[in-house]
Every structure is written in structure tokens, then in C-alpha cells.
Amino acid sequence: ISERANPILKRTVRLNGTLSGSRMIGTYVYAVVNQPAVGPGKSETDFEVLLPRIATSGFAKYVQPTEIRYVNVSDVSYFFTTVVAVNIMYDVQEPTYESFLTGATTCIYVSLSNMYLAVPNTNVEVRLEVEETLIYRVSLDGEKIVCEAKGVVPGHVLNQFSMDEYDGHFRIATT
């Protein structure tokens with residue numbers, strides 16, 4: 001904004017799905033978007049795979065199935081969770097992304113170098129005596145988005161304030 005009374009829209013980024021959260025680190029905005037993996041097809045017995053889509057004024061792309069990371073956990077319904085990095089200072093740079101086939105990400109925690117995605121394990125095939133939450137650590141370094149670790153904790157996460165990172169360790173409180 002060079003003139004506060006007359007701001008100029010420089011760029012629009014469109015993501016299909018529902019925004020789970022976003023954070024800004026340096027000159028990058030990181031957004032987490034969830035969307036159902038399948039939707040109704042052309043007939044009552046048919047369905048359609050709904051691939052994640054990222055679009056700006058000069059760039060539009062459907063994330064290809066070979067680019068989507070698969071999480072080997074059964075779920076009652078699958079979602080695509082997509083982490084997108086947008087450089088807000090360099091408008092011609094295309095957004096970068098990483099997509100995962102998971103359940104719905106319910107909350108996120110972001111430090112200066114990592115994003116933690118919390119996904120409830122709603123696997124109905126295995127009768128769990130306690131609820132579980134799957135945790136995915138995604139490294140953030142400018143345009144680089146890399147899934148580096150995964151784990152599971154008993155219980156469910158109340159909200160983003162139930163998680164933090166301290167001295168190189170991720171901490172989480174569950175119910």
C-alpha cells in the first residue's frame with residue numbers, strides 16, 4: 001500500500017476447499033485448505049474425485065494425483081489437505097504447495113519453521129478404546145514445504161492453543 005486512501009489489488013490467489021488456517025512468516029503466507037476428496041458424479045451411483053486447485057491471475061493448476069501424499073490410515077471420509085505458500089512480495093512467483101490425502105485437518109499450529117497439522121483418526125474399522133489424533137509436521141522454509149514427520153497421540157485436540165513448539169520439541173495437550 002503506497003497510498004492508504006487508494007489501495008491497489010495486485011494479486012488474487014484462489015484455492016478450492018475450506019480454509020483451515022493461515023499464517024505469515026517473513027514474506028510468505030502459508031494457507032491450509034481442506035476439501036472433500038470425492039463429490040457426487042453424474043449419476044446417483046457415481047462419484048467424482050475433486051482434485052485440489054490453485055489459481056492466480058497468471059497461473060492455474062489442478063494438483064495431479066501423483067503429487068498427493070497418501071497417508072496410510074483408513075477414515076470414514078477422505079479430504080485433501082493442501083498447504084500453500086504464497087510470496088506476497090514477488091507477485092510473479094507461482095504459489096508452491098504440498099497436498100495430502102487425510103481426514104479433515106481440525107487445527108494447526110505454526111512455529112517459525114514448522115507447521116503441525118492435527119487430524120482426528122475416525123477409523124471405524126478398528127474399534128479404539130480411546131480417541132486418537134494424527135499429527136503431521138511440515139517444514140516451512142520460504143517456498144519449500146516438506147512433510148518431515150508423522151505421529152499419533154491419544155485423545156483429541158481442543159484448538160490451536162493446545163499445541164506449541166519449545167526448544168525443538170512439539171508439545172500437545174489432548175482431551
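This is a predicted model: local features need pLDDT of at least 70, side-chain atom pairs count only at pLDDT 80 or more; totals for chains, interfaces and linings use all residues.

Me: How many residues lie between strand 6 and strand 7 in their hairpin?
Reply: Residues are numbered from 1 along each chain as its sequence is written, and side-chain values use heavy atoms, leaving out hydrogens and water. Strands here are DSSP runs of E with at least two residues, numbered from the N terminus, and strand 6 (residues 53-56) runs antiparallel to strand 7 (residues 59-62), with four bridges joining them (pairing takes at least two DSSP bridges). In the hairpin, the number of residues between these strands is two.

Me: Is T82 buried or exposed?
Reply: T82 belongs to strand 9 (residues 79-87). Buried means under 20% relative accessible area, exposed over 50%, and partly exposed in between, with a 1.4 Å probe and protein chains only. Because its relative accessibility is 5%, T82 counts as buried.

Me: With which side chain does the side chain of T82 make a polar contact?
Reply: T82 touches A31, V32, V33, P52, Y97, E98 and S99, leaving aside residues up to four places away in sequence (contact means heavy atoms within 4.5 Å). A polar contact is a pair of N or O atoms within 3.5 Å; within protein, one must be able to donate a hydrogen and the other to accept it, and residues adjacent in sequence count only if both atoms are side-chain atoms. At 2.9 Å, the side-chain partner of T82 is S99.
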